[in-house]
Amino acid sequence: MSRITSHILDTSAGRPAEGIYAELSVMSNSGEWEHLTSGKSDRDGRIKDLLNDNIKIQNGIYKMKFITKDYFKKNKIRCFYPYVEIVFEIDTEEHYHIPLLLSPFGYSTYRGS
């Protein structure tokens with residue numbers, strides 16, 4: 001399993017959010033974001049295979065960018081946030097789970113397990 005996973009739930013519909021594209025980036029030593037990988041949420045709203053064995057993550061600051069506009073547009077729902085960026089810091093060899101609770105006019109997140 002990838003050391004970084006995500007689960008996206010559409011709280012306005014009470015179901016997983018399938019088909020949301022997400023990008024993972026890392027902050028470089030110069031303070032610029034470097035794209036690492038991307039993925040799409042599955043039928044259960046999960047992105048389980050974001051990192052393959054070729055991508056080695058190290059301690060540092062990372063960003064998950066979720067493109068929410070396309071998901072809501074596909075479902076014919078107007079939304080306020082076209083994307084959501086979650087910035088977090090990795091400082092151990094643990095698994096990092098980044099949940100996103102999403103609605104057309106709000107979102108929340110927390111460190112999952």
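Lys-63 counts as buried, because its relative accessibility is 11%, where buried means under 20% relative accessible area, exposed over 50%, and partly exposed in between, with a 1.4 Å probe and protein chains only. The side chain of Lys-63 meets that of Glu-85 in a salt bridge with an N to O distance of 3.3 Å, a salt bridge being a side-chain nitrogen of Lys or Arg within 4 Å of a carboxyl oxygen of Asp or Glu. This pair links distant parts of the chain, since Glu-85 is in strand 7 and Lys-63 in strand 6, 22 residues apart; helices (H or I, at least four residues) and strands (E, at least two) are DSSP runs, numbered from the N terminus. Glu-85, at 34% relative accessibility, counts as partly exposed.

This is a predicted model, in which local features need pLDDT of at least 70 and side-chain atom pairs count only at pLDDT 80 or more, while totals for chains, interfaces and linings use all residues. Residues are numbered from 1 along each chain as its sequence is written, and side-chain values use heavy atoms, with hydrogens and water left out.

A search of the whole structure finds three salt bridges, including the one between Glu-85 and Lys-63. Another joins Glu-94 to Arg-111, with the closest N and O atoms 2.9 Å apart. Here too the pair links distant parts of the chain, as Glu-94 is in the loop between strand 7 and strand 8 and Arg-111 is in the segment after strand 9, 17 residues apart. Glu-94 is partly exposed, with a relative accessible area of 41%, and Arg-111, at 48% relative accessibility, also counts as partly exposed. Arg-46 forms a salt bridge with Asp-44, and the closest N and O atoms of this pair are 2.8 Å apart. Arg-46 has a relative accessible area of 28% and is therefore partly exposed, and Asp-44 counts as partly exposed at 35%.

The largest nonpolar core has 24 residues, of which Ile-4, Ile-8, Leu-24, Met-64, Phe-66 and Phe-88 touch the most other members; a nonpolar core is a set of buried Ala, Val, Leu, Ile, Met, Phe, Trp, Tyr and Cys residues joined through side-chain atoms within 4.5 Å. The elements that give two or more residues to this core are strand 1, strand 3, strand 6 (60–67), helix 1, strand 7 and strand 8 (96–103). In soluble globular proteins, nonpolar side chains tend to be buried together.

Met-64 has its place in strand 6 and is buried, with a relative accessible area of 0%. Leaving aside neighbours within four places in sequence, Met-64 is in contact with residues including Ser-6, Leu-24, Leu-50, Glu-85, Phe-88 and Ile-98, where contact means heavy atoms within 4.5 Å. When neighbours within four places in sequence are again left aside, the contacts of Phe-66 include Ser-6, Ile-8, Ile-20, Pro-82, Ile-98 and Leu-100.

Ser-6 lies in strand 1 (residues 4–10) and counts as buried because its relative accessibility is 1%. The backbone oxygen of Ile-98 lies 2.6 Å from a polar atom of the side chain of Ser-6. Beyond its neighbours within four places in sequence, Ser-6 is in contact with residues among which are Gly-45, Arg-46, Ile-47 and His-97.

Gly-106 lies in strand 9 (residues 106–109) and, at 19% relative accessibility, counts as buried. Apart from its neighbours within four places in sequence, Gly-106 is in contact with Tyr-81 and Leu-101. The C-alpha atoms of Gly-106 and Tyr-81, which are 25 residues apart along the chain, are separated by 7.5 Å.

The last stop is the surface. Lys-76, in the loop between helix 1 (69–74) and strand 7 (83–90), counts as exposed because its relative accessibility is 77%. Phi of Lys-76 is near 55°, a positive value in a residue other than glycine. Met-27, found in strand 3 (residues 21–27), is partly exposed, with a relative accessible area of 32%.

Terms used: A polar contact is a pair of N or O atoms within 3.5 Å; within protein, one must be able to donate a hydrogen and the other to accept it, and residues adjacent in sequence count only if both atoms are side-chain atoms.
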